[in-house]
Each structure stands twice: as C-alpha cells, then as structure tokens.
Amino acid sequence: MYLCIMIYATIIANRLNVNQRQVEKTIELLESGATVPFIARYRKEATGGLNEVQIAAIRDLIIKLKELDKRREAILASIEEQGKLTPELRKQIEEAMSLTEIEDIYLPYRPKRRTRATIAIEKGYEPVAEAIMKGHWDDWNDEALAGARDIIAERISEDAAVRNRVRNVFRRRAMLSSSLARGVDENDEKVGRFESWIDWKEPIGRAPSHRILALFRGEEVGVLKVHVKPEKDDESIGAMTSHTRPHGKAGEQYDLAVADSYKRLVMPSIETEFRNILKEKADREAIRVFAENLRQLLLAAPMGQKRTLAIDPGFRTGCKVVCLDAQGQLLHNETIYPFTSMREERAAVNKLEALVEAFQIEAIAIGNGTAGRETEEVVQRCHFNRKVIAVSVSEAGASVYSASDVARREFPDYDVTVRGAVSIGRRLMDPLSELVKIDPKSIGVGQYQHDVDQKMLSESLGDTVVSCVNSVGVELNTASRELLSYVSGIGPSLADKIVAHRNKNGAFPSREALHDVKGLGDKAFEQCAGFLRVRESANPLDRSAVHPERYALVGKMAASVGCDVETLMKDRELRSKIRLEDFVTPECGMPTLQDIMKELEKPGLDPRARFEVFEFDKNVTRFEDVKEGMVMPGIVTNITAFGAFVDIGVHQDGLIHVSQMANRRVSDPGEVVHLHQHLKVKVLEVDLRRHRISLTLKGVE
C-alpha cells in the first residue's frame, strides 16, 4: 500500500505543483477516513498547510488514478486471455499515464464486432493488404483491392503513433463550428433561441464555456449540427501517411486507404475525443461558477434569531402568511387576499398589523416571486406600533423544499404553501441552515446546470455545502438533521441517530456527550467534534472551534499564566503573555497554536458578513417603468461566465454583461461582483420585444 501511495504522490505532486511529502501525508489521512474540512482545519502540520481546494484536488486525483489502474488491469487481463500479452506490451501498458494512451495501445486487441476489415480478412484479402504495404503489385481485381484497402485503413486507425499525430493537428487547427441541422425549418420557434449560433465558427482554444454549452444544447434539441475538427483534411491525412509509404500503384492504393481511414475511422473518433474534452472543460468552468455562486448564497449574511412574519405572495390564490418565533418554529398561519378588491386589501393591511402586534414580530420576509413587489407595497402601507424591517427574500428552490420529504417530516399537518412560506422566513434568519435542506441543483444559481455532467456537478456542489457548513460551525442542540448530515464525519445516518438521541434524552450538555450516541465511534467523534458547538456547555471550549484533542493543551496554556481556561478566554492581557513556542510539539506546531489563539479571542466567530437591509426603488415596480439611463439599486441574483444578473425589482432580472462591469477588461465576473451584493446599476437598454434589460456598472458612482 505504501508503494502505491508513493507512486500516486509523485504523480499528483507533479500535476498540482505541490511538495510530494505534503501529498503523501494528505493521502494517508484521506485513506484513514479523514474528511477534507478536518484535514484542512486540524492537520495543518501534517499537510504543510494545504487548503481545502488543494486537499480536494488530491482526493479527486487519487480517485482518477485508481480508476485508471482498474482499467489498466482489465486491459492486461483481456490481452493475456487472448494469448497476446508480451513482456514489451505489458511494460508499455503499465507505463502509460493516461486513459487515452492505454486505450490507444489496447485498440488493436479490443474485441470488436464484424467490420469491413474483418470481413475482408474472412474473404482472404489479408495477403493482398500485406503485399501492398510492402510495395508489391499484382493484377488484383477491384474487390480484392477494396478489401485490402479496408484492412490497411483499419490497421492505420489502430496505430497509436498515427492517432497522436492527428491529435496534434486537431490541437492546432480544430475549429468549433455549427450550422442549422438538416431538415430544420428556419421559422421553427426553437431556432430563435439559437439564432446567434447558426453558422458560428471559432478555434477551440478560444471558445468560452458558456458558448460551448450553448452550441451543444442547440445540437441536443435538434436545431444545430456541431463539429469539432480542422476545416481542411489535408494536414491530418498528411500526418497519417507513413514515411514507409510504398511507391507506384501500391502507393496509390495506400493513399486511398489512408484517406478512407481518416474520414471513416480516425476523424470521427478523434472528433468525439475533442468534443468530450471541450465538453468537460466547459462543464468544469460552469460547475466552478455554480459552486462559487452557491458558496456565496450559503454564506449570505444571516439576520439572526428574530421573530419573523413570512409571506409567500400570490395574486389570485392569495398570500400565505406565517409567523415564526426567534428559533424559526411555526406559531401561526393564514392567507390574505390583498389583490382581489379594495376591501380585501384593507383587510390584509389590518391583519398584518394585528399579527405583527400579536406575535411581537421584528422582521417581515417577503418572497421575491410573482406578486413580490406588489406585496412589498402592501406592507409599506401598514402602520406598525413597533420597529419592523421588511426584506425581499429569494424564493429559488422554496417550492422544491415544500414538496420534499424533509418538509413533510417537519410539517406533516400543513400543506405546501405553508411550508414554502416557512422556508422563506427561515432563509432570512439563517440562509445556510435552511438552504441545506434543498438539493443544491434546485437553488438556481448556475449556468446550463442541466447540460453539465450531473455526477461532477453533484460532487462539486456537495463539497461546497460541506465546506460552508463546517466553516461556519453547527450548534449541536438546535441543528436540523439535514444540517448535521453535512458536518465532517457525520452523514445522514449518524445525523438521524444524533437527533433521535437528542429528542429522547434532551440537549447534549457537552461535546463529550456525543460519545453516548449509539453508533458514533471515536473516528466519527474526531472528525466532527471541532465543527459542533454546544452553547450551554460548562466547558467554554465547547463553544469554540478548538478541537477536544487540544483541550488539555489549552489548560496548560492557562496554567502557564496562572488562570483557568474561561478566564484566559476573557482576558486579552493574559493571552498576550503566552509564549506559543513553549507549546510546540511534533503533532502541534505554530499553525495550530495560532488557530487556537484566534479561537480563544473570538470563540465560535461566525465568518459570514453582517446583515444589511436592502430596498428597491419604490418608483420602479413594473418592467414598463424601466427606462434607459435610469440609475437604481439592484441585488445580484446570479453570476455566469458572461456576466451577472441583477434583480431591480420588476420581476425580470437585468444583465450586466462582463464588458459592462468596469473600465478595464474583466475575464471573470466574480472578480467584480458577488452573489447578493447590493449595488447601483444604470440601465443601458430595455428590449420590450424580448423582455430583456441590459445594465452597466460603468459611470455609476
């Protein structure tokens, strides 16, 4: 096993430009069952301070290398079964460093269906092919020559060196191009969505991810035909021609076989390879954008524990209203109908005023979907006897939550409208705790999310949720099953057991009490304990991110300045007297000691930003109100590779194209804006026909 780790570590260190010893230790930790957040936070000495992104990259490469080895073993077994595995061939396969290289070597030995070449061999034309390859000529008939060419074409297509030469031509010359698919009517409604990409052409190296995905989507729905290949075949065919090409009539037959091999066998295969390469590149970029958007959404500033009235707006069906206590528990629900008549509007205002008073409401959360702005106007007409803030809250994914098993478990006696309104209110209080209940793909902050590799997307978004949950920390005695399941080392099964134990025995008095949970062993405790908080614990360190394995060390620190741990945490002057170098050990170096000191200063500090109330322009509520040149407040709702979408309060997000983000070239919109950012934008253009709004940040103070 150690030899395998050494080999993997060497390969990974070279690919990631990381010290090999760091990689080896990281692999050892991962193989022992340690999670990425735990390694990044509590094993800095072992990894040399690698961050979560680097550790996750090492983990992913290990998986790929193991998959490569598994395929390598299968290929070796297949060739050996055929009785064709020579020592030289084994060495070649064992030294191959990529799946493409291994598959190229295997191609001549791969069991295949009957091909034109195998049929020609069955007819006895293999000697003719051999003779032509050696430059010999005889008076063969047309059928024999055609069969010989089929055999030569297949042999050439299975030559790894030939395929690599063609790949090199593709790397230099391949174009991403598209045209209207055969048989598609130009007036078809679907064509309009892709009219910008008809007869498109650009070098593959310049194609951005969003354009690649748009073209492939156009092909998927049958509107476009997409190609990834050089415009001319000459260079590729030339690269396939061997330096041992025969002369004379044999050479003419050889040339015909090469051209056929390229067009029928090699080009389609290599084009598929490059399409896959482009697709994977585009997927990775789109998923990166999605994951970063999700991170910003999950780490959005929480309002905190305030008594909240939440409204899920609706015109005809009414607005569902719920009242929640400061912990997010449902106290009351009913429906108001402010948009059916003047009388009902007055009744709705009176009802809202009464509910705010009766339940001592401190904040109102209003869903930003249909009738959202109109509902805000109704709330603004209310006269409350207490200070109440009103906030527009994203509804993205709320309907998914309200119909989910999670929502049914939480509210078995209420319908989807009540559950959706509760979710809106809880999102305002703590976005992270509420959004973890929804499949990240349903939150709607991605680009072409249904077109990308779904397994890769799920893994990346899962990593993002885990990273966010563990960076914030989780209160053990109030966290939902869903939130607990994302804590390092826990997962859904243990989360269920923790909640069941809590329900049966009451609140956990300390982190140590986690050992009482059936099925939660020492390894799980090691992985999860540092990320859990027990606010009411007698041990003040249980409220911090200091890991229990370091409690004794902190006790020694406190003793060194003549106090207990709680006093040390409260007294900055005492902390300043601690000489960290006195506490360095092989297992606990300066990085961990410095982390401990930060925690003692601000135990359990929430890394999220401070909550700020946002308000739209009260004079702009409909699409028709938006005029060119207007400057208005907006909130960033989505970031893509080509720009950012901004909600300006008219039920239609405007787009700030990447070219309109600054008076300089911006390659990544994420450099300039972030999700849920409050900003001022200027209206560049209003397209009434296509219902689009173009915005700019240029010239806006």
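Modeller: Happy to! Let's begin with R155, which is partly exposed at a relative accessible area of 33%. Buried means under 20% relative accessible area, exposed over 50%, and partly exposed in between (1.4 Å probe, protein chains only). This is a predicted model, where local features need pLDDT of at least 70, side-chain atom pairs count only at pLDDT 80 or more, and totals for chains, interfaces and linings use all residues. Residues are numbered from 1 along each chain as its sequence is written, and side-chain values use heavy atoms, leaving out hydrogens and water.

Colleague: Which residue forms a salt bridge with R155?

Modeller: A salt bridge is a side-chain nitrogen of Lys or Arg within 4 Å of a carboxyl oxygen of Asp or Glu. Here the partner is E130, with the closest N and O atoms 3.0 Å apart. The pair links distant parts of the chain, 25 residues apart: E130 sits in helix α9 (residues 126-133) and R155 in helix α10 (residues 142-157). Helices are DSSP runs (H or I, at least four residues), numbered from the N terminus. E130 is partly exposed too, at 31%.

Colleague: How are R284 and E280 separated in helix α15?

Modeller: By about one helical turn, because they are four residues apart in that helix (residues 248-298).

Notes. Helix = DSSP H or I, 4+ residues; strand = E, 2+ residues; numbered from the N terminus.
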